[in-house]
Amino acid sequence: MVEALLPSYHLRQSSHDTLADAITKGSTFAPQVDAEGFCRLQPLSAGDLPGQALSSFVPLKKMFLPPREKLWSFQSGQFSELEQPEPFAVVGVPLCDLQALWYLDQVFAEDLPYQKRRARSLVVAMPCEPTPDCRCDPQLMPVAGDLFLEQKCAWALSPAGDSLLRSCGAGGAEDQPLPWPTASPERRPQLTEEQLRSSADAAIWAEAAQSCLACGACSVVCPTCYCFDLLDETATDGSVTRGRLWDNCFFAEHAKVAGGHDFRPGRANRLHFRMEHKFFGFGALQGQNSCVGCGRCRRVCPVDIDFDQIAAKLGGEELS
Amino acid sequence: MTDALLPVAAVLHEIVPMVTDNHLFSFLPEQPMALAPGQFVEITLTGIGSFPVSSCAQVRNGLITSCIRRAGRVTEALYHLEEGDVVGLRGPFGMGFQLELFRDQDALLIAGGLGMAPLRALLHALLDDPHRTGRIIVLYGSRQPEMLLFRDELVKLSLEQQIELRFSVDFAEELPSLDGRVVCKIGLVNELLAGLTFAPRKTVAAVCGPPALYHCILEELALIGIPPAKIFATLERRMRCSVGECCHCVVAGRYICKDGPVFSLEQLRNMTEAI
């Protein structure tokens with residue numbers, strides 16, 4: 001992939017302020033560290049833009065694919081869609097999360113509830129401070145979202161972002177590459193699809209399965225994991241709503257069919273499945289590596305399973 | 001963009017008991033729904049849940065008919081509904097059988113258990129095709145003679161020489177009398193292939209049954225000489241969204257709900273753990 005050049009604008013202080021007001025005029029969220037030290041996407045007070053991006057514990061996906069959402073309701077014999085989502089903005093997300101957003105945009109291209117939220121949102125990325133866990137790769141895939149915002153410069157990532165910048169008096173547009181942090185894509189493991197497929201019975205999976213708690217935390221915090229299940233809830237007035245809630249390929253019911261047959265029995269099998277999904281994609285995205293290198297899964301795993309290390313071992317190399 | 005996750009209301013039109021815990025249910029959706037053999041719909045029982053099911057008949061007068069086994073929580077609830085109750089339907093989903101491939105070929109339909117249901121929809125489509133020539137051979141295995149689905153209908157078609165029919169049962173105290181013209185053996189359905197004379201190079205096979213059936217029979221058909229691109233199986237997986245998003249049904253990177261559920265052996269050979 002050749003790095004895309006995107007229109008970048010100079011921002012005078014006045015246009016930066018106007019822009020900040022425009023972005024935060026409605027409901028706005030940003031990653032913020034709470035009293036317990038967790039970084040969460042929380043509502044932001046108006047006009048008060050963060051200076052840089054933070055990696056939230058649960059990533060941007062939750063704004064578009066909420067952990068629990070209502071898909072439809074059923075009352076008096078009729079199924080009806082639920083109301084329009086409220087418009088909102090998310091600011092201060094890192095660029096790797098914008099790659100993940102691009103990936104989810106492809107997965108949910110035909111998904112009306114997802115697309116309604118996307119159409120009513122404004123996503124603003126900012127420069128980040130890479131951590132030792134970070135392995136982002138600008139070449140991995142394109143970014144989605146609307147703006148990349150620095151103190152004196154802004155990049156338009158979408159037509160909506162572009163017109164917002166122009167309306168705020170930003171000037172001097174020229175096409176420039178996005179200023180990705182200096183990451184280390186060379187530290188990403190080299191693994192071929194064939195190596196992974198032929199490894200289904202390798203001892204490495206059984207070893208990882210011995211310590212894996214099947215807690216599913218890696219999928220929860222992964223910006224490109226999107227499994228879901230559907231669940232009905234009945235209210236006391238008899239109306240029913242169908243919920244969509246995050247599911248997890250580590251859970252025992254994930255591949256079980258009526259009658260009890262399980263097509264992915266055991267944790268070794270599920271670890272392999274997750275790795276296949278993460279590194280080689282499903283459906284129309286088959287072949288696309290969706291690990292954006294954010295490092296969340298490594299940080300959250302209670303037993304220190306590192307998918308990059310498994311990939312490196314399968315690929316015949318050793319990560320430092 | 002339409003909301004593929006939003007069902008349309010459908011009236012439970014008729015319940016026809018067949019064999020124990022395998023009843024025929026027909027539904028009349030508010031908006032007409034086309035459903036080709038091998039494709040499936042999702043049936044929603046509001047407040048309970050939903051499940052995917054293929055049809056066992058051609059759509060007639062807007063009615064979608066499925067043979068549904070009482071097998072889990074939601075199908076159990078379906079057995080407590082009455083005619084006139086409202087359910088939700090989504091679909092049609094997936095890629096069904098390619099009927100044009102069967103046109104100038106002999107058709108070999110092999111079913112195990114409830115697998116007869118989707119193959120019956122295919123059988124009806126083949127019988128209804130005025131341009132089609134060639135034999136239709138139906139091999140159908142079940143646990144017991146009493147569990148054979150659509151038995152009377154299949155026997156009638158056999159007696160009318162519209163199809164060539166052989167049954168197998170795993171065990172039986174007494175083999176049913178089938179008018180002396182229909183073969184019923186004790187054994188597995190793949191044993192019915194023995195002694196069957198047909199031209200493998202001009203045959204298209206369709207197989208539907210439990211996972212154990214696929215383990216043995218698909219490669220056996222290829223060994224006999226049917227080209228792998230003309231041996232089809234329909235896969236059962238846990239399908240929740242049915243539109244290639246939720247990840248439950250994925251095998252070898254492919255969404256069974258969207259790319260399948262019907263696959264050729266040629267495709268399945270490249271899909272690790274599909275069968």
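User: What makes chain B a chain of two domains in this predicted model?

Analyst: An automatic or database domain assignment supplies the bounds. Chain B is divided into domain 1, residues 8–93, and domain 2, residues 99–268. Taken over C-alpha atoms, the centres of these two domains of chain B are separated by 22 Å.

User: How do you know which residues of chain B form the contact between domain 1 and domain 2?

Analyst: Two residues are in contact if their C-beta atoms lie within 7 Å. The contact takes 18 residues from domain 1 of chain B and 19 residues from domain 2 of chain B. On the side of domain 1, the elements giving two or more residues are β1 (8–19), β3 (40–45), β4 (49–54), β5 (64–69) and β6 (86–93) of chain B. With three residues, β5(B) gives the most to that side. The residues on the domain 1 side divide into nine nonpolar, six polar and three charged.

User: Why are β10 and β15 of chain B called edge strands?

Analyst: Strands pair if at least two bridges are found between them. In the open sheet of seven strands, the order is β10-β9-β8-β7-β11-β12-β15 (chain B). Both β10 (183–186) and β15 (262–264) of chain B pair on one side only, and are edge strands. The pairing within this sheet is mixed, and the twist from one strand to the next averages 20°.

User: How do you know that β7 and β8 of chain B are paired?

Analyst: The criterion is at least two bridges. Six bridges join β7 (residues 106–112) to β8 (residues 136–142) of chain B, and these strands run parallel; therefore they count as a pair.

User: Which residues of helix α5 of chain A are called buried, and what puts them on the same side?

Analyst: A residue is buried if 20 or more other C-beta atoms lie within 10 Å of its own. In α5 (residues 159–167) of chain A, the buried residues are A:G161, A:D162, A:L164 and A:L165. They cover an arc of only 165° around the axis, and therefore lie on the same side of α5(A). These buried residues pack against β1 (6–10), α1 (13–23), β8 (147–149) and β9 (153–156) of chain A.

User: What makes A:P159, A:S163 and A:S167 exposed, and where on α5(A) are they?

Analyst: The cut-off for exposed is 12 or fewer such neighbours. A:P159, A:S163 and A:S167 are exposed residues on the face of α5(A) turned away from its buried side. An α-helix has 3.6 residues a turn, so residues three or four places apart point the same way.

Note on methods
Residues numbered from 1 in each chain as written. Chains lettered and ligands numbered in written order. Predicted model: local features only at pLDDT ≥ 70, side-chain atom pairs only at ≥ 80, totals over all residues. Helix = DSSP H or I, 4+ residues; strand = E, 2+ residues; numbered from the N terminus. Arc of directions from axis to C-beta. Nonpolar A, V, L, I, M, F, W, Y, C, P; charged D, E, K, R; others polar. Axes fitted to C-alpha atoms, helices over the stretch in contact; angles between N-to-C directions.
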